[in-house]
Amino acid sequence: TPPAGVPAATPVRAPAAPTARAEVTADAGDVALDTIFEDEGITASFPSAPASSAPAQTAPSQPPAAGAIWPGTTLSAADGLSVVRAALNGLWPEQSLRPVTERVVASLSAPEKGAAQGKKLPFDAAPVRQAVGLRWQVAAVLDSLPPVGSPIDQGAVQAILVGIDEVLADLKVVSDDAGPETLRALEGVRHALVKEAIDLTEALQQVAPAGVVEEITTSRKARRTHIEARTRVIRASAPVDDGPRQIPWGLVVLLVVVAVGAAAYHGYRYVNRPRPAPSSVAGAPSGTVGAVTPAGKVVAAPAGVKVDPKELESFRNLEKAKGNEVREILPNTFVVVPAGSPPEKPGGRAPANEQGAKP
């Protein structure tokens, strides 16, 4: 019999059994900031809850709007980031989202895990967090791929692809001035995100008609070009105006002095250059060397000097007026002998009774 004042129909409830909770071991939360890039030493296990145990705790999520079509039937990238963050802290989503969440969390690098959990990183972690949310969203979209010929929400597909392009542009901005370790971490995030975009495009080709795929791809290329141009404008730095520039007069004066000195030196050498000695034979062509011998006059041009035909003709006329004759005995070698004298005899000596050329 119950005590007085206690209703007989009031049941006494036993304390509830503790809720089963999946554990994450050795994830990015256990890694210090100075070892955030050491992915090789990080392992994670994500055991599934046994069928006999109580349901695991779930992360809050906002379901898609009623009547949505693929890929608008999945959660947004922001909701995907919340799901990943909760899973890294041991709070797993509902059973329908758990497999895709386990795959995404297992593929995340240490910097991605740290960024998703809000840890302080040696670079701007905002683009990395957005990349994690987009990776979960694309994985969920691929996990719920509809049959061929199903209606497609083109706007939702374009929104995902444009979001990937914007995050890739932001990651490039962050990596421009990054060190080697940071650059290696960011490149890993960028490569993973590019792979997600490729996988989504290939899956779209399996479901949507070719015209729809081409329209979405063309629109993405146009928007990506605009995003890249906008990124370049943001990073462009205007030259610093230090005011009116001062002319280095000292350098100008030095250059003028050097130029004047060089001109004076070369002018002096030109004026005082060595000149060939004039020929001792009057009227001989310029550049030739002459000599007067008992047998006559000899005029020769040095090797490499070409006798001017007009000067040679004038020299012949001059000697002809004197009663002499100019004969070429060798190339560029001439002798002046009296007109009508016989040719030189073998041995190179003129007859004894012959008189030399007239002066």
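**Salt bridges, cores and surface of the predicted model**

The side chains of Glu325 and Arg327 meet in a salt bridge, with an N to O distance of 3.4 Å. Glu325 has a relative accessible area of 31% and is therefore partly exposed. Arg327 is partly exposed too, because its relative accessible area is 21%. The model is predicted. A search of the whole structure finds 9 salt bridges.

Glu102 forms a salt bridge with Arg98, and their closest N and O atoms are 2.9 Å apart. Both residues lie in helix H2, 4 residues apart, or about one turn of the helix. Residues three or four places apart in an α-helix point the same way, because the helix has 3.6 residues a turn. Glu102 and Arg98 are both buried. Arg135 forms a salt bridge with Glu112, at 3.1 Å between the closest N and O atoms. This pair links distant parts of the chain: Arg135 belongs to helix H4 and Glu112 to helix H3, 23 residues apart. Arg135 and Glu112 are both buried. Together with Glu196, Glu112 and Arg135 are linked in a network of salt bridges.

The protein chain contains 9 helices and 4 strands. Their order along the sequence is α-α-α-α-α-α-α-α-β-β-α-β-β. Of its 359 residues, 33% count as buried. Among contacts with a separation of 6 or more, 65% join residues 24 or more positions apart.

The largest nonpolar core has 30 residues. Val128, Ile152, Ile164, Leu193 and Leu204 have the most contacts inside this core. Helices H4 (126-143), H5 (154-175), H6 (180-207) and H7 (210-235) each supply at least two of its residues. H5 gives the most, with 8 residues. Beyond residues up to four places away in sequence, Leu204 touches Trp70, Ile152, Val157, Val213 and Ile216. Another core, of 17 residues, lies apart from the largest one. Its members include Val83, Leu88, Trp92 and Val100.

Val100 is also one of the buried residues of helix H2 (residues 98-107). The buried residues of H2 pack against helix H1 (77-88), helix H3 (110-116) and H4.

The protein chain exposes about 22,400 Å², of which carbon and sulfur atoms supply 59%. A nonpolar patch on the surface consists of Ile247, Trp249, Val252, Val256 and Val260. Together these residues have about 490 Å² of accessible area. Val256 sits in helix H8 (residues 249-271). Its relative accessibility is 47%, so Val256 counts as partly exposed.

How values were computed. Residues are numbered from 1 along each chain as its sequence is written. This is a predicted model: local features need pLDDT of at least 70, side-chain atom pairs count only at pLDDT 80 or more; totals for chains, interfaces and linings use all residues. Side-chain values use heavy atoms; hydrogens and water are left out. Buried means under 20% relative accessible area, exposed over 50%, partly exposed in between (1.4 Å probe, protein chains only). Contact means heavy atoms within 4.5 Å. Accessible areas come from the Shrake-Rupley method with a 1.4 Å probe; for residues, only the protein chains shown count as cover. A nonpolar core is a set of buried Ala, Val, Leu, Ile, Met, Phe, Trp, Tyr and Cys residues joined through side-chain atoms within 4.5 Å. Patches are made of residues with over 30% relative accessible area and no salt bridge: like charges are joined within 9 Å, nonpolar side chains (Val, Leu, Ile, Met, Phe, Trp, Tyr) within 5 Å. A salt bridge is a side-chain nitrogen of Lys or Arg within 4 Å of a carboxyl oxygen of Asp or Glu.
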